[in-house]
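Me: Let's go through this model by question and answer. Keep it brisk, and give the cut-offs as they come up.

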Amino acid sequence: GRLLGYGRDPATPFKGEIGVPKRVAWTEPIPLEDVRATAKALGASINDLLNSAMAGGLRRYLALHGTPPPELSIRAAMPVNLRPLEEMAELGNRFGLIFLPLPVGEADPLRRLSGIRKRSAALRRSAEPLVVHSLLRFVGGSPAALQRLVVKIFGTKATAVFTNVPGPKSTLWFAGRAIRDI
C-alpha cells in the first residue's frame with residue numbers, strides 16, 4: 001500500500017522520460033579506507049555516507065538552478081540484496097528495491113546523513129524490498145504491456161537509481177595480471 005501511496009517525485013532538472021540514453025561522469029577515486037574511516041567516525045555505514053554525499057552533490061547541482069527549498073526530497077530506487085549469506089555462491093539475482101528519500105533540500109551535511117541513515121535502516125527492515133521483489137517476479141512473467149505499465153508507475157515514484165555492488169573479497173586475475181582498478 002505504501003508503494004502505491006507514494007506520490008510522484010517532485011519535478012526537478014533530474015526528472016525526465018525513462019529511456020536508454022544515459023550520461024556518466026567520473027571523479028578521481030577516493031580510497032575506500034578513507035570512506036570507511038569517515039563513515040565509522042560519523043556512526044554511519046559506507047552506503048549511507050555515499051548516499052548522503054550523492055544527495056549533497058544533487059543539492060549543489062539544484063543550487064545552480066535556484067535555491068532548493070529546505071523540505072525538498074527526491075527518492076532513489078535502491079536494490080537491496082535478499083539472498084541469505086549461505087546462498088551467496090548461487091547464480092541469479094534475488095533483490096528487492098527500496099525507495100529511499102534523499103533530503104536534497106537539507107543544507108547541513110550531518111543532518112542530511114542522519115536523515116538518510118534513519119530512513120535507510122527503516123526501509124531495509126520493512127517489507128518493502130520483499131514486496132517489490134515479489135512484484136518484479138510476477139511482472140517478469142506477465143505480458144509486455146503490463147511490464148511497461150509497472151515500469152512507468154515505478155518511474156514516477158523515484159528520480160534516481162543508486163546501487164553499490166560490492167567488489168570481490170579477493171584479488172581477481174585476468175590474463176595473468178591482477179585487476180587493480182576498473
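Me: Which helix gives the most to the nonpolar patch?
Reply: This is a predicted model, with residues numbered from 1 along each chain as its sequence is written. Local features need pLDDT of at least 70, side-chain atom pairs count only at pLDDT 80 or more, totals for chains, interfaces and linings use all residues, and side-chain values use heavy atoms, with hydrogens and water left out. Helices here are DSSP runs of H or I with at least four residues, strands are E runs with at least two, and both are numbered from the N terminus. With 3 residues, the top contributor to the patch is helix 6.

Me: What accessible area do the residues of the nonpolar patch have together?
Reply: Patch members need over 30% relative accessible area and no salt bridge; nonpolar side chains (Val, Leu, Ile, Met, Phe, Trp, Tyr) are joined within 5 Å, like charges within 9 Å. Areas come from the Shrake-Rupley method with a 1.4 Å probe, and for residues only the protein chains shown count as cover. Helix 5 (128–140) and helix 6 (144–157) each supply at least two residues. Leu 135, Phe 138, Leu 146, Leu 149 and Ile 153 together have about 420 Å².

Me: Is Phe 138 buried or exposed?
Reply: Phe 138 is found in helix 5. Buried means under 20% relative accessible area, exposed over 50%, partly exposed in between (1.4 Å probe, protein chains only). At a relative accessible area of 57%, Phe 138 is exposed.

Me: How many salt bridges does a search of the whole structure find?
Reply: The criterion is a side-chain nitrogen of Lys or Arg within 4 Å of a carboxyl oxygen of Asp or Glu. Arg 36 and Glu 33 meet it at 2.3 Å, N to O, and both lie in helix 2, 3 residues apart. Glu 106 and Arg 111 meet it at 3.2 Å. The search total is 3.

Me: How many residues apart in sequence are the parts tied together by Asp 9 and Arg 75?
Reply: These two side chains form a salt bridge at 3.8 Å, N to O. Asp 9 lies in the loop between helix 1 (2–5) and helix 2 (32–41), and Arg 75 in strand 1 (residues 74–81), so the pair ties together parts with a separation of 66 residues.

Me: Which ring does the charged end of Arg 75 sit over?
Reply: Arg 75 is buried, as is Asp 9. A charge over a ring requires NZ of Lys or CZ of Arg within 6 Å of the ring centre and within 35 degrees of the ring normal. Here the charged end is 4.6 Å from the centre, and the ring belongs to Tyr 6.

Me: Are the rings of Phe 14 and Tyr 61 stacked, edge-to-face or tilted?
Reply: Rings of Phe, Tyr and Trp (its six-membered ring) pair with centres within 6.5 Å; planes under 30 degrees apart are stacked, over 60 edge-to-face, the rest tilted. The search finds 2 aromatic pairs. In this one the centres are 5.3 Å apart and the planes stand at 40°, so the pair is tilted.

Me: What is the strand order of the open sheet?
Reply: Strands pair if DSSP finds at least two bridges between them. Strand 1 and strand 2 are antiparallel over 8 bridges, while strand 1 and strand 3 are parallel over 2 bridges. The pairing is mixed, and the order is 2-1-3.
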